Amino acid sequence: MLGRLRAGMTRLFTPIAAFLLRIGVSPDAVTIAGTLGVVAAALVFFPSGNLLAGTLVITVFVFSDALDGVMARASGRSGPWGAFLDSTLDRLSDAAIFAGLVLFFVRSDDVWGVAVSLACLVLGSVVPYARARAEGLGMTAAVGIAERADRLVVTLVATLAVGLGAPSVVLVVVLALLAVASGVTIVQRMATVRRQVAAGAAAGGEA
């Protein structure tokens with residue numbers, strides 16, 4: 001489903017990307033602007049309890065994550081630097097979203113909400129680290145039930161629902177499930193790397 005959504009967004013953003021490139025806007029500038037927008041919205045709207053506005057603004061800026069990729073490919077600037085910048089700033093965006101939710105629950109005196117938000121914040125940072133570390137060691141770990149896009153969509157749908165009037169317990173339950181899914185993903189990636197290490201050791205022994 002997310003794959004079809006990305007394909008649709010690529011078609012939608014192609015003319016926008018072409019226009020921005022014509023006026024001299026770089027893909028990196030879009031990446032940075034999108035990150036600043038997400039961070040500002042998450043840390044301003046969420047702690048104040050305005051989940052609806054925060055979710056809508058964040059969603060708009062999250063689209064820049066697709067737009068900068070379209071721009072990079074159209075301009076022939078796709079490469080290691082863009083991938084590094086995008087991945088690094090994604091971590092900041094994700095951290096800001098969950099930090100904003102931590103502050104929201106702190107102000108609401110919701111201990112469980114604070115706990116699950118912190119769990120999502122911590123585990124959500126370990127998930128991409130596990131993959132990056134595996135790839136840095138020459139292995140792969142692109143597995144798991146909670147990829148970044150999935151975590152982001154689930155979180156924003158839940159904050160939107162609460163912003164529209166659903167009880168905050170809905171968000172607490174969703175974040176708890178998301179934390180569990182992130183934990184499972186970490187274990188899956190560790191197991192995948194462990195199997196690759198074992199297979200490599202066995203192959204070396206046979207040689």
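**Ground rules.** I number residues from 1 along each chain as its sequence is written, and I use heavy atoms for side-chain values, leaving out hydrogens and water. Since the model is predicted, I ask for pLDDT of at least 70 for local features and 80 or more for side-chain atom pairs, while totals for chains, interfaces and linings use all residues.

**Salt bridges.** I searched the whole structure and found five salt bridges, each being a side-chain nitrogen of Lys or Arg within 4 Å of a carboxyl oxygen of Asp or Glu. Helices, as I name them below, are DSSP runs (H or I, at least four residues) numbered from the N terminus.

I looked at Arg148 and Asp90, whose closest N and O atoms are 3.6 Å apart.

Next I took Arg189, which forms a salt bridge with Glu147 at 3.1 Å between the closest N and O atoms. Arg189 sits in helix α8 and Glu147 in the loop between α6 and α7, so the pair joins parts 42 residues apart in sequence. Arg189 is buried, at 3% relative accessible area. Glu147 counts as partly exposed, at 25%.

I then checked Arg131 and Glu135, whose side chains meet in a salt bridge of 3.1 Å, N to O. Both lie in helix α6, four residues apart, about one turn of the helix. I list Arg131 as partly exposed at 32% relative accessibility, and Glu135 likewise as partly exposed at 43%.

**Cavity.** I ran a 1 Å grid over the protein atoms alone; a cavity is a set of points where a 1.4 Å probe fits but cannot get out, and lining residues have an atom within 4 Å of a point. I join grid points across faces, edges and corners, and take as volume the space filled by probe spheres set on the points. The count is one cavity of 30 Å³ or more. The largest cavity holds about 110 Å³. It is lined by 14 residues, and closest to its centre are Thr35, Ser64, Asp65, Asp90 and Ser93. Two or more lining residues come from each of α2 (27-44), α3 (51-62), α4 (64-75), α5 and α7. Helix α2 gives the most, with four residues.

**Second largest pocket.** For a pocket I require an open set with protein on both sides within 12 Å along at least five of seven lines. The second largest pocket has about 150 Å³ of space. Its lining has 13 residues, with Asp94, Ala95, Phe98, Gly124 and Ser125 closest to the centre. The elements giving two or more residues are α5 (80-107), α6 (111-136) and α7 (148-163), and α5 has the largest share, five residues.

**Surface patch.** I noted a nonpolar surface patch of about 330 Å², made by Val169, Val170, Val173 and Leu177. Patch residues have over 30% relative accessible area and no salt bridge; like charges are joined within 9 Å, nonpolar side chains (Val, Leu, Ile, Met, Phe, Trp, Tyr) within 5 Å. Areas come from the Shrake-Rupley method with a 1.4 Å probe. Val170 is in helix α8 (residues 168-206) and is partly exposed, at 31%.

Technical notes: Buried means under 20% relative accessible area, exposed over 50%, partly exposed in between (1.4 Å probe, protein chains only).
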